[in-house]
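I opened my notebook to write down what I looked up, one topic at a time. The structure goes in first.

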Amino acid sequence: MGLSSFTCSAIRNIFEVSRRFAIGPDDVLSCISCLRGLGFSESTVVNVLEAFPMVIMMDEDRIHDKIRFLMDTGIEKDGVDRIFRLFPSLMAFEVGHKMKPLFDEFEDLGFSLDVVRREVLRDPRVLGMEVGELSQCLKMLRTLKCRAPIKESIFRIGAFRAGYELKLRVDCLRKYGLTYRDAFTVLWKEPRAVVYEIVDIEKKIEFLLHTMKFDVLCLVQVPEYLGVNFEKKIVPRYNVIEYLRSSGGLGDEVGLRGLIKPSRLRFYNLYVKPYPECEKLYGRYAGNCEVKNRHPVGMWKLFKPQKLSESKEDIKNIKSFMDSIT
(Lines give C-alpha, C1' and ligand atoms only; values in the text may rest on other atoms or scores of the structure.)
Protein backbone atom coordinates (compact mmCIF):
# COMPACT_ATOMS: atom_id res chain seq x y z
CA MET A 1 0.00 0.00 0.00
CA GLY A 2 3.04 2.26 -0.07
CA LEU A 3 3.00 2.83 3.70
CA SER A 4 5.88 1.60 5.84
CA SER A 5 4.37 2.28 9.27
CA PHE A 6 1.12 0.32 9.02
CA THR A 7 -0.17 -0.99 12.36
CA CYS A 8 -1.87 -4.33 12.86
CA SER A 9 -5.07 -2.67 14.04
CA ALA A 10 -5.22 -0.47 10.92
CA ILE A 11 -4.82 -3.52 8.66
CA ARG A 12 -7.47 -5.43 10.61
CA ASN A 13 -9.90 -2.51 10.40
CA ILE A 14 -9.40 -2.23 6.64
CA PHE A 15 -10.09 -5.95 6.18
CA GLU A 16 -13.25 -5.79 8.31
CA VAL A 17 -14.70 -2.82 6.42
CA SER A 18 -13.69 -4.30 3.06
CA ARG A 19 -15.36 -7.61 3.88
CA ARG A 20 -18.51 -5.99 5.25
CA PHE A 21 -19.06 -3.69 2.28
CA ALA A 22 -17.40 -5.78 -0.44
CA ILE A 23 -14.69 -3.24 -1.14
CA GLY A 24 -11.80 -4.39 -3.31
CA PRO A 25 -8.09 -3.69 -2.88
CA ASP A 26 -8.14 -1.11 -5.65
CA ASP A 27 -10.65 1.02 -3.72
CA VAL A 28 -8.47 0.88 -0.59
CA LEU A 29 -5.38 1.88 -2.56
CA SER A 30 -7.34 4.69 -4.19
CA CYS A 31 -8.38 6.05 -0.78
CA ILE A 32 -4.81 5.95 0.54
CA SER A 33 -3.58 7.67 -2.60
CA CYS A 34 -6.29 10.32 -2.17
CA LEU A 35 -5.28 11.02 1.45
CA ARG A 36 -1.63 11.33 0.50
CA GLY A 37 -2.53 13.54 -2.42
CA LEU A 38 -4.46 15.90 -0.13
CA GLY A 39 -1.27 16.49 1.85
CA PHE A 40 -1.63 14.10 4.76
CA SER A 41 1.59 12.58 6.08
CA GLU A 42 2.07 8.82 6.29
CA SER A 43 1.60 8.75 10.10
CA THR A 44 -1.64 10.73 9.76
CA VAL A 45 -3.01 8.35 7.13
CA VAL A 46 -2.24 5.35 9.35
CA ASN A 47 -3.89 6.99 12.37
CA VAL A 48 -7.01 7.81 10.36
CA LEU A 49 -7.29 4.25 9.02
CA GLU A 50 -6.88 2.93 12.55
CA ALA A 51 -9.43 5.22 14.20
CA PHE A 52 -11.91 5.63 11.33
CA PRO A 53 -11.53 2.89 8.70
CA MET A 54 -14.80 3.95 7.08
CA VAL A 55 -12.75 6.67 5.42
CA ILE A 56 -12.06 4.20 2.59
CA MET A 57 -15.73 4.65 1.57
CA MET A 58 -15.61 8.46 1.52
CA ASP A 59 -15.20 10.42 -1.69
CA GLU A 60 -12.47 12.98 -2.09
CA ASP A 61 -14.80 15.99 -1.99
CA ARG A 62 -16.06 15.22 1.53
CA ILE A 63 -12.50 14.90 2.82
CA HIS A 64 -11.43 18.05 1.02
CA ASP A 65 -14.35 20.01 2.56
CA LYS A 66 -13.00 19.33 6.06
CA ILE A 67 -9.51 20.44 5.08
CA ARG A 68 -10.78 23.59 3.38
CA PHE A 69 -12.97 24.49 6.38
CA LEU A 70 -10.03 24.29 8.79
CA MET A 71 -7.77 26.25 6.46
CA ASP A 72 -10.45 28.96 6.12
CA THR A 73 -10.13 29.51 9.87
CA GLY A 74 -6.47 30.42 9.38
CA ILE A 75 -4.85 27.07 10.12
CA GLU A 76 -1.89 26.25 7.90
CA LYS A 77 -1.67 23.01 5.95
CA ASP A 78 0.87 21.54 8.38
CA GLY A 79 -1.50 22.41 11.23
CA VAL A 80 -4.36 20.60 9.49
CA ASP A 81 -2.20 17.50 9.13
CA ARG A 82 -1.30 17.66 12.82
CA ILE A 83 -4.96 18.03 13.82
CA PHE A 84 -5.99 14.89 11.94
CA ARG A 85 -2.94 13.01 13.19
CA LEU A 86 -3.72 13.75 16.84
CA PHE A 87 -7.51 13.53 16.47
CA PRO A 88 -8.16 11.20 13.51
CA SER A 89 -11.81 10.69 14.54
CA LEU A 90 -12.41 14.20 13.18
CA MET A 91 -12.57 12.58 9.75
CA ALA A 92 -15.99 11.19 10.71
CA PHE A 93 -17.47 14.66 11.37
CA GLU A 94 -19.41 16.53 8.73
CA VAL A 95 -18.67 20.20 8.18
CA GLY A 96 -22.27 21.40 8.05
CA HIS A 97 -23.67 19.23 10.83
CA LYS A 98 -20.85 19.36 13.38
CA MET A 99 -17.80 21.49 12.65
CA LYS A 100 -19.47 24.72 11.55
CA PRO A 101 -22.11 24.74 14.36
CA LEU A 102 -19.31 24.17 16.87
CA PHE A 103 -17.32 27.15 15.60
CA ASP A 104 -20.51 29.23 15.59
CA GLU A 105 -20.99 28.39 19.26
CA PHE A 106 -17.43 29.45 20.05
CA GLU A 107 -18.11 32.78 18.34
CA ASP A 108 -21.42 33.25 20.19
CA LEU A 109 -19.57 32.72 23.49
CA GLY A 110 -17.33 35.65 22.63
CA PHE A 111 -14.15 33.82 21.69
CA SER A 112 -12.17 35.29 18.82
CA LEU A 113 -11.00 33.14 15.94
CA ASP A 114 -7.41 33.54 17.14
CA VAL A 115 -8.29 32.05 20.54
CA VAL A 116 -10.22 29.17 18.97
CA ARG A 117 -7.45 28.44 16.48
CA ARG A 118 -4.83 28.43 19.24
CA GLU A 119 -6.84 26.03 21.39
CA VAL A 120 -7.61 23.71 18.47
CA LEU A 121 -3.93 23.48 17.57
CA ARG A 122 -3.01 22.94 21.21
CA ASP A 123 -5.47 20.08 21.63
CA PRO A 124 -7.46 19.05 18.52
CA ARG A 125 -9.82 17.00 20.72
CA VAL A 126 -11.58 20.33 21.32
CA LEU A 127 -13.35 19.68 18.02
CA GLY A 128 -14.87 16.53 19.52
CA MET A 129 -17.10 18.49 21.88
CA GLU A 130 -20.83 18.39 21.34
CA VAL A 131 -22.58 21.61 20.39
CA GLY A 132 -23.70 23.31 23.61
CA GLU A 133 -21.26 21.42 25.81
CA LEU A 134 -18.77 24.26 26.25
CA SER A 135 -21.61 26.67 27.01
CA GLN A 136 -22.85 24.45 29.80
CA CYS A 137 -19.36 24.00 31.24
CA LEU A 138 -18.67 27.74 31.30
CA LYS A 139 -22.06 28.45 32.86
CA MET A 140 -21.27 26.03 35.68
CA LEU A 141 -17.79 27.46 36.26
CA ARG A 142 -19.07 31.02 36.47
CA THR A 143 -21.64 30.08 39.13
CA LEU A 144 -19.14 28.29 41.37
CA LYS A 145 -19.37 29.19 45.05
CA CYS A 146 -15.83 28.60 46.22
CA ARG A 147 -12.83 30.45 47.56
CA ALA A 148 -11.43 33.11 45.27
CA PRO A 149 -7.97 31.47 44.91
CA ILE A 150 -9.58 28.26 43.59
CA LYS A 151 -11.65 30.14 41.04
CA GLU A 152 -8.59 32.13 39.98
CA SER A 153 -6.64 28.90 39.48
CA ILE A 154 -9.42 27.51 37.28
CA PHE A 155 -9.59 30.57 35.01
CA ARG A 156 -5.86 31.29 34.99
CA ILE A 157 -5.50 29.33 31.75
CA GLY A 158 -8.30 31.28 30.06
CA ALA A 159 -12.05 30.77 29.94
CA PHE A 160 -12.02 28.59 26.82
CA ARG A 161 -9.54 26.08 28.15
CA ALA A 162 -11.10 26.19 31.64
CA GLY A 163 -14.41 25.06 30.15
CA TYR A 164 -12.69 22.38 28.11
CA GLU A 165 -10.72 21.10 31.13
CA LEU A 166 -14.01 20.81 33.03
CA LYS A 167 -15.45 18.83 30.12
CA LEU A 168 -12.51 16.39 30.27
CA ARG A 169 -13.10 15.79 33.97
CA VAL A 170 -16.82 15.28 33.41
CA ASP A 171 -15.92 12.65 30.80
CA CYS A 172 -13.53 11.05 33.29
CA LEU A 173 -16.27 10.70 35.92
CA ARG A 174 -18.77 9.41 33.37
CA LYS A 175 -16.26 6.76 32.31
CA TYR A 176 -16.56 5.28 35.81
CA GLY A 177 -20.36 5.13 35.71
CA LEU A 178 -21.63 8.52 36.89
CA THR A 179 -24.38 10.18 34.92
CA TYR A 180 -23.80 13.52 33.22
CA ARG A 181 -25.81 15.26 35.93
CA ASP A 182 -24.00 13.53 38.80
CA ALA A 183 -20.60 14.31 37.30
CA PHE A 184 -21.46 18.02 37.15
CA THR A 185 -22.80 17.87 40.71
CA VAL A 186 -19.57 16.36 42.03
CA LEU A 187 -17.38 18.97 40.33
CA TRP A 188 -19.66 21.85 41.35
CA LYS A 189 -19.41 20.78 45.00
CA GLU A 190 -15.68 20.05 44.79
CA PRO A 191 -14.20 22.56 42.31
CA ARG A 192 -10.64 21.78 43.43
CA ALA A 193 -10.87 18.68 41.26
CA VAL A 194 -11.06 20.88 38.17
CA VAL A 195 -7.43 21.98 38.66
CA TYR A 196 -6.15 18.49 39.47
CA GLU A 197 -4.59 16.32 36.80
CA ILE A 198 -6.94 13.70 35.36
CA VAL A 199 -4.43 10.95 36.14
CA ASP A 200 -4.63 11.92 39.84
CA ILE A 201 -8.43 11.86 39.77
CA GLU A 202 -8.37 8.43 38.12
CA LYS A 203 -5.94 7.14 40.76
CA LYS A 204 -8.28 8.23 43.54
CA ILE A 205 -11.32 6.67 41.87
CA GLU A 206 -9.48 3.40 41.18
CA PHE A 207 -8.47 3.27 44.85
CA LEU A 208 -12.04 4.03 45.91
CA LEU A 209 -13.53 1.27 43.76
CA HIS A 210 -10.97 -1.53 43.86
CA THR A 211 -9.17 -1.10 47.19
CA MET A 212 -11.70 0.59 49.45
CA LYS A 213 -14.60 -1.30 47.77
CA PHE A 214 -16.96 1.68 47.70
CA ASP A 215 -19.47 2.39 44.96
CA VAL A 216 -18.74 5.24 42.58
CA LEU A 217 -22.01 6.90 43.64
CA CYS A 218 -20.34 7.66 46.97
CA LEU A 219 -18.64 10.53 45.17
CA VAL A 220 -22.00 12.26 44.83
CA GLN A 221 -22.44 12.10 48.61
CA VAL A 222 -18.81 12.84 49.52
CA PRO A 223 -17.32 14.86 46.63
CA GLU A 224 -14.61 16.12 49.02
CA TYR A 225 -12.87 12.81 48.43
CA LEU A 226 -11.57 14.10 45.08
CA GLY A 227 -10.24 17.29 46.69
CA VAL A 228 -8.00 15.82 49.40
CA ASN A 229 -4.42 14.66 49.10
CA PHE A 230 -4.10 11.00 48.12
CA GLU A 231 -0.78 10.20 49.82
CA LYS A 232 -1.17 12.39 52.89
CA LYS A 233 -4.82 11.82 53.78
CA ILE A 234 -6.62 9.06 51.89
CA VAL A 235 -4.04 6.25 52.12
CA PRO A 236 -2.98 6.75 55.81
CA ARG A 237 -6.57 6.98 57.02
CA TYR A 238 -7.62 3.95 55.03
CA ASN A 239 -4.70 1.94 56.42
CA VAL A 240 -5.71 2.79 60.00
CA ILE A 241 -9.41 1.96 59.48
CA GLU A 242 -8.59 -1.27 57.64
CA TYR A 243 -6.27 -2.40 60.44
CA LEU A 244 -8.88 -1.67 63.11
CA ARG A 245 -11.54 -3.45 61.07
CA SER A 246 -9.40 -6.57 60.61
CA SER A 247 -8.31 -6.68 64.26
CA GLY A 248 -11.81 -6.20 65.66
CA GLY A 249 -10.97 -2.82 67.16
CA LEU A 250 -13.52 -0.96 65.10
CA GLY A 251 -16.98 -0.67 66.60
CA ASP A 252 -19.27 0.89 64.00
CA GLU A 253 -18.47 0.68 60.31
CA VAL A 254 -16.77 3.80 58.96
CA GLY A 255 -18.08 5.03 55.61
CA LEU A 256 -16.42 7.33 53.16
CA ARG A 257 -17.76 10.41 54.93
CA GLY A 258 -16.38 9.25 58.27
CA LEU A 259 -13.06 8.60 56.62
CA ILE A 260 -12.67 11.93 54.85
CA LYS A 261 -14.67 14.59 56.70
CA PRO A 262 -13.07 14.60 60.21
CA SER A 263 -10.21 17.00 60.78
CA ARG A 264 -6.73 15.59 61.23
CA LEU A 265 -6.90 16.07 65.00
CA ARG A 266 -10.34 14.51 65.35
CA PHE A 267 -9.39 11.48 63.25
CA TYR A 268 -6.19 11.08 65.27
CA ASN A 269 -8.03 11.22 68.60
CA LEU A 270 -10.73 8.78 67.44
CA TYR A 271 -8.76 6.08 65.66
CA VAL A 272 -5.02 6.54 66.21
CA LYS A 273 -4.34 7.82 69.72
CA PRO A 274 -6.23 4.99 71.55
CA TYR A 275 -4.29 2.37 69.55
CA PRO A 276 -0.49 2.90 69.73
CA GLU A 277 0.06 0.32 66.99
CA CYS A 278 -1.76 2.63 64.57
CA GLU A 279 0.83 5.36 65.00
CA LYS A 280 3.11 3.64 62.51
CA LEU A 281 0.26 3.12 60.02
CA TYR A 282 -0.68 6.76 60.24
CA GLY A 283 2.93 7.61 59.51
CA ARG A 284 4.62 10.92 60.01
CA TYR A 285 1.26 12.71 59.98
CA ALA A 286 0.54 11.45 63.48
CA GLY A 287 3.07 13.88 64.90
CA ASN A 288 1.36 16.82 63.28
CA CYS A 289 -1.86 16.55 65.26
CA GLU A 290 -1.01 18.81 68.20
CA VAL A 291 -3.46 21.58 68.88
CA LYS A 292 -2.02 24.87 67.68
CA ASN A 293 -2.48 28.07 69.67
CA ARG A 294 -4.96 30.39 68.08
CA HIS A 295 -2.91 33.40 69.18
CA PRO A 296 0.84 34.03 69.15
CA VAL A 297 2.76 33.24 72.32
CA GLY A 298 2.47 36.10 74.78
CA MET A 299 -0.71 37.53 73.24
CA TRP A 300 -2.67 36.59 76.38
CA LYS A 301 -0.75 39.27 78.30
CA LEU A 302 -2.38 41.96 76.22
CA PHE A 303 -5.85 40.80 77.30
CA LYS A 304 -5.05 40.33 81.01
CA PRO A 305 -6.60 43.10 83.18
CA GLN A 306 -4.06 45.51 84.58
CA LYS A 307 -3.38 45.02 88.29
CA LEU A 308 -3.66 48.26 90.30
CA SER A 309 -1.47 48.88 93.31
CA GLU A 310 -3.24 49.16 96.69
CA SER A 311 -2.25 51.91 99.12
CA LYS A 312 -2.60 51.74 102.94
CA GLU A 313 -5.54 54.13 102.73
CA ASP A 314 -7.31 51.81 100.24
CA ILE A 315 -6.83 48.84 102.56
CA LYS A 316 -8.19 50.88 105.52
CA ASN A 317 -11.29 51.91 103.55
CA ILE A 318 -11.95 48.30 102.48
CA LYS A 319 -11.74 47.08 106.08
CA SER A 320 -14.08 49.83 107.25
CA PHE A 321 -16.59 48.88 104.57
CA MET A 322 -16.44 45.16 105.44
CA ASP A 323 -16.91 45.97 109.17
CA SER A 324 -19.97 48.08 108.42
CA ILE A 325 -21.80 45.33 106.55
CA THR A 326 -21.04 42.64 109.11
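Below are my entries, in the order I made them.

**Ground rules**

I am working with a predicted model, where local features need pLDDT of at least 70 and side-chain atom pairs count only at pLDDT 80 or more, while totals for chains, interfaces and linings use all residues. I count residues from 1 along each chain as its sequence is written, and my side-chain values use heavy atoms, with hydrogens and water left out.

**Cysteines**

I started with disulfides (a pair of cysteine sulfur atoms within 2.5 Å). I found 0 of them in the structure. Cys34 is in no disulfide, and the nearest cysteine sulfur belongs to Cys31, 6.3 Å away. A reminder to myself: a disulfide is a covalent bond joining the sulfur atoms of two cysteines.

My cut-offs are under 20% relative accessible area for buried, over 50% for exposed and partly exposed in between, with a 1.4 Å probe and protein chains only.

**Empty space inside**

Then I went looking for cavities. Rolling a probe the size of a water molecule over the atoms shows where empty space is left. For me a cavity is a set of points, on a 1 Å grid over the protein atoms alone, where a 1.4 Å probe fits but cannot get out; lining residues have an atom within 4 Å of a point. Grid points are joined across faces, edges and corners, and a volume is the space filled by probe spheres set on the points.

How many cavities of 30 Å³ or more are there? The count is 1, and the volume of the largest cavity is about 30 Å³. I listed its lining as Leu38, Gly39, Phe40, Ile67, Lys77, Val80 and Asp81.

I sorted those by class: Ala, Val, Leu, Ile, Met, Phe, Trp, Tyr, Cys and Pro count as nonpolar, Asp, Glu, Lys and Arg as charged, and the others, Gly among them, as polar. That gives the lining 4 nonpolar, 1 polar and 2 charged residues. Helix α5 (residues 77–86) supplies the largest share of the lining, 3 residues. My helices are DSSP runs (H or I, at least four residues), numbered from the N terminus.

**Rings**

Phe40 got me curious about aromatic pairs. Rings of Phe, Tyr and Trp (its six-membered ring) pair if their centres lie within 6.5 Å; planes under 30 degrees apart are stacked, over 60 edge-to-face and the rest tilted. I get 10 aromatic pairs. One of them is Phe40 with Phe84, an edge-to-face pair at 5.2 Å centre to centre, with 75 degrees between the planes. Phe40 is in the loop between α2 (25–37) and α3 (42–51) and Phe84 is in helix α5, so this pair ties together parts 44 residues apart in sequence.

The charged end of Lys98 sits over the ring of Phe93, 3.9 Å from its centre. To count, NZ of Lys or CZ of Arg must be within 6 Å of the ring centre and within 35 degrees of the ring normal.

**Positive phi**

Which residues did I note with a positive phi although they are not glycine? Ala22 has a phi near 55 degrees, and Lys213 has one of about 65 degrees. Ala22 is in the loop between α1 (8–21) and α2, and Lys213 is in the loop between α12 and α13. Ala22 counts as exposed because its relative accessibility is 70%; Lys213 is exposed as well, at 64%.

Phe214 lies in the loop between α12 (198–211) and α13 (218–221) and is partly exposed, at 23% relative accessible area. From Phe214 to Leu256 I count 42 residues in sequence, and 7.9 Å in space, C-alpha to C-alpha. Leu256 is in helix α15 (residues 256–260) and is buried, at 4% relative accessibility. Leu256 and Met212 are 44 residues apart in sequence and 9.0 Å apart in space, C-alpha to C-alpha.

Definitions and conventions. On a 1 Å grid over the protein atoms alone, a cavity is a set of points where a 1.4 Å probe fits but cannot get out, and a pocket is an open set with protein on both sides within 12 Å along at least five of seven lines; lining residues have an atom within 4 Å of a point. Helices (H or I, at least four residues) and strands (E, at least two) are DSSP runs, numbered from the N terminus.
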